[in-house]
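Dear colleague,

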Amino acid sequence: MNYYKYAIIGNNWGSKIHKILKDYGKSSKIFNLNYRNLNFKEYLKELKKFINQNEINIIWLAIPPVNQYEICKSILNSNCNIIIEKPLLISENEKNYLNYLIKKTDKQISVHYEYIFLKELLNFNYNLKFDSIDFIFNHSKNQKSLNPKLDLGIH
C-alpha cells in the first residue's frame with residue numbers, strides 16, 4: 001500500500017484541508033511561504049526544494065486561480081501529484097501543456113470540489129431536465145479578488 005505525504009499551499013481553505021487530513025491520520029505539511037511576498041521565481045525554487053526535502057507525493061493547491069498554472073507546472077516538474085481546489089481557470093493552451101507534463105512525468109492533477117448545491121441537484125427529474133431547477137445565488141458583499149461572475153458561475 002502506498003503512503004502519501006501531502007503538502008498544502010494556501011492559507012484559508014488550505015488550513016481547513018490540513019486539519020481534515022490530520023484528523024484522518026494523514027501525513028500533511030503546510031508550505032507557508034507566500035508567493036505574494038517573494039519574487040515568484042524564488043518562490044517556485046523554494047517550493048521545489050520543500051517538495052524534495054519532505055518527499056511530498058501530493059500537493060493540495062488551495063489558492064486563487066491567478067497563479068495556479070505556473071505553480072502546477074513547477075509541481076509537476078518536481079515529480080509530484082496535484083489536487084487543486086476549485087475553481088481551476090486556465091486557457092486551452094495551458095491545459096494542453098499541463099496534459100503534456102502529466103504524460104511526461106506520469107503524475108496526475110485532480111480538481112476537488114464539494115457539492116454545495118446537492119439539494120438542488122437531487123431535485124433533477126429522471127430526464128435531467130435542467131429547467132426544473134431554480135438556482136438562487138447569494139454572494140457576500142465583502143471584497144473578493146475573483147470576479148463575482150466567475151466566482152458564482154464556477155462554484
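The largest nonpolar core has 23 residues, and of these Ile9, Leu47, Ile59, Leu61, Ile71 and Ile75 touch the most other members. Here a nonpolar core is a set of buried Ala, Val, Leu, Ile, Met, Phe, Trp, Tyr and Cys residues joined through side-chain atoms within 4.5 Å, where buried means under 20% relative accessible area, exposed over 50% and partly exposed in between, with a 1.4 Å probe and protein chains only. At least two residues of this core come from each of strand 1, helix 2, strand 3, helix 3, strand 4 (81–85) and helix 4 (92–105); helices (H or I, at least four residues) and strands (E, at least two) are DSSP runs, numbered from the N terminus. Another core, of eight residues, lies apart from it and has Ile17, Ile58, Trp60 and Ile83 among its members.

Please keep in mind that this is a predicted model, in which local features need pLDDT of at least 70 and side-chain atom pairs count only at pLDDT 80 or more, while totals for chains, interfaces and linings use all residues. Residues are numbered from 1 along each chain as its sequence is written, and side-chain values use heavy atoms, with hydrogens and water left out.

Leaving aside neighbours within four places in sequence, Ile71 is in contact (heavy atoms within 4.5 Å) with Ile9, Tyr35, Phe40, Tyr43, Leu44, Leu47, Leu61 and Ile63.

Turning to the aromatic rings, a search of the whole structure finds five aromatic pairs; rings of Phe, Tyr and Trp (its six-membered ring) pair if their centres lie within 6.5 Å, and planes under 30 degrees apart count as stacked, over 60 as edge-to-face and the rest as tilted. Tyr6 and Trp60 form a tilted pair, at 6.3 Å centre to centre with 40° between the planes, and this pair links distant parts of the chain, since Tyr6 is in strand 1 (residues 5–9) and Trp60 in strand 3 (residues 58–61), 54 residues apart. Both Tyr6 and Trp60 are buried. The pair of Phe40 and Tyr43 is stacked, because the ring centres are 6.0 Å apart and the planes are at 15°.

With best regards
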